[in-house]
Amino acid sequence: MIAGVARQILVILVRVLVGARGEWVGCAPEPRTRIYFANHTSHFDTLAVLSALPRGLRRRTRPVAARDYWGGSALKRFIAEDALRAVLIDRDGKAEGDPLAPVEAALAQGDSVLIFPEGTRGAGEAVAPFRGGLHRLAERFPDAELIPVHLENLARVMPKGSFLIVPVTCTARFGAPLRQTPGETRAEFLERARAAVADLDPRRGERAA
């Protein structure tokens with residue numbers, strides 16, 4: 001009850017601050033098991049994607065977050081694990097066991113997950129190379145839809161190194177499902193996935209020019 005109220009408050013707050021508008025340009029918001037993968041430019045990224053999802057999908061979509069950050073205090077743990085139903089993973093490699101095991105467990109029970117394959121926040125100008133976790137999840141869960149998501153303007157909300165929140169209108173753009181190609185190498189797949197996110201940016205032509 002309390003966690004649900006906290007989640008709704010966070011969603012409303014993000015919508016007020018950044019709009020968090022969703023555009024479904026390559027797929028429809030359907031209750032399937034999905035792996036949403038997005039560019040990472042702001043602390044607001046997770047909330048922006050969740051806020052852009054219809055309520056029914058939001059309840060079954062679990063963001064993947066770093067335990068070293070979100071497990072750092074009781075408040076952060078409550079927001080991550082209870083309010084957002086996040087899957088916390090150990091990204092530093094120091095903990096025993098498989099860091100992706102909790103993510104695989106969430107997918108195995110039919111939940112969708114949201115991941116940021118770049119691994120760290122960028123400046124919003126370009127999508128950085130993807131790490132290998134997305135490829136592994138795609139291999140182990142071939143029936144889960146791989147949905148690229150491009151977040152536009154989130155880097156301007158709270159620029160890296162700043163604690164000042166700047167209200168702007170942001171968009172989460174959901175693209176067409178990505179499918180693995182027979183014989184495709186891991187590196188080829190990850191580059192194609194990165195390009196699928198980058199191609200959803202309506203400003204890509206201006207940057208290329």
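Modeller: Thr46 counts as buried because its relative accessibility is 19%, where buried means under 20% relative accessible area, exposed over 50% and partly exposed in between (1.4 Å probe, protein chains only). This is a predicted model, in which local features need pLDDT of at least 70 and side-chain atom pairs count only at pLDDT 80 or more, while totals for chains, interfaces and linings use all residues. Residues are numbered from 1 along each chain as its sequence is written, and side-chain values use heavy atoms, with hydrogens and water left out.

Thr46 lies in helix H2; helices (H or I, at least four residues) and strands (E, at least two) are DSSP runs, numbered from the N terminus. Helix H2 spans residues 45-52, and eight of its eight residues are buried. Leaving aside residues up to four places away in sequence, Thr46 touches Pro63, Leu114 and Phe116, a contact being heavy atoms within 4.5 Å.

The sheet is open, with seven strands in the order E1-E7-E6-E2-E5-E3-E4 and mixed pairing; two strands pair if DSSP finds at least two bridges between them. Strands E1 (21-24) and E4 (87-89) stand at the edges with a single partner strand each, so one side of each has no neighbour in the sheet. Strands E6 (residues 145-152) and E7 (residues 171-174) run antiparallel and are joined by four bridges. H2 packs on this sheet, touching E1, E3 (61-66), E5 (112-115), E6 and E7. The direction of H2 makes about 115° with that of E6, with axes as lines fitted to C-alpha atoms, for helices over the stretch in contact, and angles running from 0 to 180 degrees between N-to-C directions.
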